[in-house]
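This report covers the fold of one protein chain. It takes the sheet and then the helix packing.

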Amino acid sequence: FGGRILGEDKTQAKYINSPQTQIYDKSRILYGLNKAKIEARQADRCLLVEGNMDVIMSYQAGVKNTAATSGTALTPSHLQLLQRYTSNLDFCFDTDQAGLTATRRGIGLALSQNFNIKIVRIDDSECKDPADYVKKFGNKWQELAQTAKPVIDFYFDKLKSELDLASVDGKKAVIGSLGPLIKRLASKVERSHWISRLAIVLKTKESGDNPIDCIKIF
């Protein structure tokens, strides 16, 4: 039902899946969850990756609470499956643009379903996914998987390192990036916390008539 392209042919998608059928429905299947569900329940956490090989290599390196979306977007059906075992999800999708987009989309959906989300960052130019990392570093993957950072902290720190938060453009970019995630938080306490924190960091009000005071969009 699914396979991974070998070699460096960048004209093809890395993962190739059979057509959608009543038997095989990617929107309802998480690869490896049958193996990961016990570990996920015991750890009260599931590591979500993008591809089948990421699951296999992660499992071999000792991180067994790992499941994959098999190259498709995270769906409400996936989240319903995961809710049986844990409400804590760690994301480690590919670091290419498609992977980053898939991560953002999945995070927003999971936050709205009251999941607690963290991000595992692979900071190595030679490793764009967990499979690459395990191939290079082996069981050190266990250590990296434990460094997952809360999702909004992760994106906030990333933006602070890339933008000038004293500039109008920097402030707008931060709100444009974090705003949709904060709006998705199911907890009013968490939303209030982040609105206040952003207001302090960006030196603006939590509400107001000035367009720069765009924290009011929450």
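## Basis and terms

Two strands pair if DSSP finds at least two bridges between them. Helices (H or I, at least four residues) and strands (E, at least two) are DSSP runs, numbered from the N terminus.

This is a predicted model: local features need pLDDT of at least 70, side-chain atom pairs count only at pLDDT 80 or more, and totals for chains, interfaces and linings use all residues. Residues are numbered from 1 along each chain as its sequence is written, and side-chain values use heavy atoms, with hydrogens and water left out.

## Overall make-up

The protein chain holds nine helices and seven strands. Of its 218 residues, 43% count as buried. Buried means under 20% relative accessible area, exposed over 50%, and partly exposed in between (1.4 Å probe, protein chains only).

Contact means heavy atoms within 4.5 Å. Take the contacts in the protein chain with a separation of 6 or more: residues 24 or more positions apart account for 61% of them.

## The sheet

Five strands make up an open sheet. Their order is β4-β3-β5-β6-β7, and the pairing is mixed. At the edges lie β4 (66-68) and β7 (149-150), each of which pairs on one side only.

Strands β3 and β5 run parallel and are joined by four bridges. L47 has D90 in β5 as its bridge partner. Four bridges also join β5 to β6, again in parallel. Here F91 has I119 of β6 as its bridge partner. Strand β6 (residues 116-119) then pairs with β7 in the antiparallel sense, over two bridges. I119 stands opposite K149 in β7. Helix α2 (residues 52-60) packs on the sheet and touches β3 (46-49) and β4. The direction of α2 makes about 170° with that of β4.

## The enclosed strand

How many residues of strand β5 are buried? Five of the five residues of β5 (residues 88-92) are, so the strand is largely enclosed by the rest of the structure. N88, D90 and C92 point one way from β5. L89 and F91 point the other way.

Axes are lines fitted to C-alpha atoms, for helices over the stretch in contact, and angles run from 0 to 180 degrees between N-to-C directions. Angles under 35 degrees count as roughly parallel, over 145 as roughly antiparallel, 65 to 115 as roughly perpendicular and the rest as oblique. A crossing is left-handed if the near helix is turned anticlockwise from the far one by less than a right angle, and right-handed if clockwise. For residue classes, Ala, Val, Leu, Ile, Met, Phe, Trp, Tyr, Cys and Pro count as nonpolar, Asp, Glu, Lys and Arg as charged, and the others, Gly among them, as polar.

The axes of helix α8 (residues 168-184) and helix α9 (residues 188-201) come within 10 Å and cross at roughly 165°. That makes α8 roughly antiparallel to α9. The crossing is left-handed. V174, I175, L178, I182 and K183 of α8 make the contact with R191, W194 and L198 of α9. By class, these residues are six nonpolar, no polar and two charged.

The axes of helix α7 (residues 151-162) and α9 come within 13 Å and cross at roughly 10°. The two helices are therefore roughly parallel, and α7 passes α9 in a right-handed crossing. I152, D153, F156 and K160 in α7 meet W194, R197, L198 and V201 in α9. This contact divides into five nonpolar, no polar and three charged residues.
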